Protein chains: 2
Amino acid sequence: MDRRVTKKGNDDASGKERPTLKTLAFMTGLGVTTVSRALKDAPEIGAETRRRVQLVAKQIGYRPNRAGVRLRTGKTNVISLVLNTEHELMSFVSDIIYGVTEVIADTPYHLIVTPYSRSQDPLDPVRYLVETGSADGVIISRTQPNDPRARYMLEHGVPFATHGRTDMGLVHPYHDFDNYAFAGEAVRALAAKGRNRLALVTPPVGLTYFRYTVNGFADALSEVGASEVPFNTVSIDHTIEQIRMRTAQLMRRDDRPDGIISSAAAATLAVVAGIEDAGLKLGRDVDVVSKQSSEVLHLFRRELLVVNEDFRLAGYELARAVLGWIAGKEPGSLQSLSKPSEVLPYRG
Amino acid sequence: MDRRVTKKGNDDASGKERPTLKTLAFMTGLGVTTVSRALKDAPEIGAETRRRVQLVAKQIGYRPNRAGVRLRTGKTNVISLVLNTEHELMSFVSDIIYGVTEVIADTPYHLIVTPYSRSQDPLDPVRYLVETGSADGVIISRTQPNDPRARYMLEHGVPFATHGRTDMGLVHPYHDFDNYAFAGEAVRALAAKGRNRLALVTPPVGLTYFRYTVNGFADALSEVGASEVPFNTVSIDHTIEQIRMRTAQLMRRDDRPDGIISSAAAATLAVVAGIEDAGLKLGRDVDVVSKQSSEVLHLFRRELLVVNEDFRLAGYELARAVLGWIAGKEPGSLQSLSKPSEVLPYRG
DNA sequence: TCAGTATACTGAAACGTTACAGATTGCCAA
DNA sequence: TTGGCAATCTGTAACGTTTCAGTATACTGA
């Protein structure tokens, strides 16, 4: 029967060590429990005590220990952004991150980036996050109409938001760019320039916004009475070289399009290169409308017509949606659709 | 003297709950301590026991609870990438993240992105990370010759790596691109084309690589006998519009340069636009050498001369450096300098 | 035979937090 | 007076992990 001396090491307010609830309890002469509750404005704590505790806490710069909270409550204070490192680490990822951090900045949340690499099941990282309880909320992109990740997280009660919509009859927060409208506006802009044989460089087949884009394109085509020149051999997921080569092939054909619509700025660079490889001139032989997420295309070729998509806004909305869901709001009320800008020609 | 019944809730291997050490202990019939040590190959555990525990652990998919480990040991298994959201969230950030995640992928580490926004003290986020013990290692960029963040982390014993070198007489891991060599090569390439009045679009004043670039530029100028056309009114931190306007101004002067070196692709777009605004033609009136981090510039104007900087490599090296330091390697052995590619003309 | 020691294992405590189940005090109604 | 209740505050346990200080057993040398 031994009688060890237990050294606490924190019940004096001496050291350089980070203050804990125990430190605060010692300083205020209260119990640890009382301090804990006072800090979170629990009703059963006296008004004066509450103020006193909060004052002292602020003075000595108390910050709750994340590991303690997480261990006890399961709350991680983490939002995870799940990214496909193969396709998505293009410039717009930075913008999304920017938008997310902007929202998160004055919350206790941290942003962790969870990658999934080469040809891995997209569900893997999500499963990992859910199984290990690594995040309070998740943001995914490259959303599919029938998206197993969204389904999985719904089943497991994990708050999330998708960049892009789904079509499963399930309701969840999302943010999306109105690609149906984009494609439609693009067609109309080209039609207004007298172009009537149009080709489309689509989003990746299989993602939801592929459908919206294609539908918007098709509907507007018949609206303005233009026809489609099929160009199914590429999407914006293809490499610069592939897009360039196949565009050149396309433009050398007799039935070549006189208008092209591109769903991404990087692809547009390749498309224009392909057009010029074929000896044609932008603005004369063919017009191109492209989405872009930063103001680069007009520097590239002033003949380009552009539509702006704001990925910072996307990050912002997605983060707000996830936090909203975590805070208990209705998932259905956390959906947003961003309208495309006008189709813009080079402005002086 | 009450005699409450304590419900453990985990000592049966029943539920859907995540297995813990206790679960493993129950299943193997061992003590929690033994299981813990067996999993980390402690020497005082019998070989067979060790194998048995590890087998069971693998079978049921045991993963240590991060909060438990972190609370007990202080180890977070987190690497933090500290970013300036004002300047740095350009495309290359994605590449750095890609490189980092590549290294981190098969380690227990998570990557968290810690932003610091508009005109905030760059030391703030670092101080936060250190004070709250939120990360085992930190990666910073926009490194300065005398960098308070590096000094601070050295003082506090926090492993880190800098993107770019410092010049404080203190040794720490870094990865840097050899901008001295880049500027030199660029000057020589322009000289080889008969250009001898050269201007430089510099990195942001105050950052270490500003100095290297400027020195490489100056040394090579005198080496080849060319002269500098001062262009101090811009750096690559300026907006596209500013760079464009001032380049146009510069190019309208009588003493305009016949060669320009640009430290970033985005700036180069603006520079070329400015050149053309002034009615001059790239490749005829002036040649431009530019760094780029992805293959876009040759699509933009094939007359451009480019040097490639690999930011994915940077992320990769930085992550390896931090992990190496955490693992106990000598900081001085974790420094790397990446040589620029040749100056490349448009390749067919 | 016995002490000494190496081997293999174990319980308790601690990290910082919150939830649960009280405990203390004062006040009021009966 | 007494019982009840509201208002405040408190101790203990628990989250899952590792470390400390053991204990039990078998083996060793004399």
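Phe210(A) touches Thr202(A), Pro203(A), Pro204(A) and Val205(A), with residues up to four places away in sequence left out. Contact here means heavy atoms within 4.5 Å. Phe210(A) belongs to helix H9 (residues 208-224) of chain A. Helices (H or I, at least four residues) and strands (E, at least two) are DSSP runs, numbered from the N terminus. The C-alpha atoms of Phe210(A) and Ser235(A) are separated by 9.5 Å, and these residues lie 25 residues apart along the chain.

The model is predicted: local features need pLDDT of at least 70, side-chain atom pairs count only at pLDDT 80 or more, and totals for chains, interfaces and linings use all residues. Residues are numbered from 1 along each chain as its sequence is written, chains are lettered from A and ligands numbered from 1 in the order in which they are written, and side-chain values use heavy atoms, with hydrogens and water left out.

Ser338(A) lies in strand S11 (residues 335-338) of chain A. Ser338(A) is buried, with a relative accessible area of 11%. Buried means under 20% relative accessible area, exposed over 50%, and partly exposed in between (1.4 Å probe, protein chains only). Leaving aside neighbours within four places in sequence, Ser338(A) is in contact with His175(A), Asp176(A), Phe177(A), Asp178(A) and Leu313(A).

Ile60(A) is found in helix H3 (residues 47-60) of chain A. Ile60(A) is partly exposed, with a relative accessible area of 31%. Together with Phe26(A) and Met27(A), Ile60(A) forms a nonpolar patch on the surface, with about 270 Å² of accessible area. Patch residues have over 30% relative accessible area and no salt bridge, and nonpolar side chains (Val, Leu, Ile, Met, Phe, Trp, Tyr) are joined within 5 Å, like charges within 9 Å. Accessible areas come from the Shrake-Rupley method with a 1.4 Å probe; for residues, only the protein chains shown count as cover.

Between chains A and B, 41 residues of chain A are in contact with 41 residues of chain B. The buried area is about 3,700 Å², and carbon and sulfur atoms give 60% of that. Buried area is the accessible area (1.4 Å probe) that two parts lose on being put together, summed over both. The count between chain A and chain B is 2 salt bridges. A salt bridge is a side-chain nitrogen of Lys or Arg within 4 Å of a carboxyl oxygen of Asp or Glu. Arg302(A) forms a salt bridge with Asp277(B), the closest N and O atoms being 3.8 Å apart. H5(A) gives the most to the side of chain A that touches chain B, with 8 residues.
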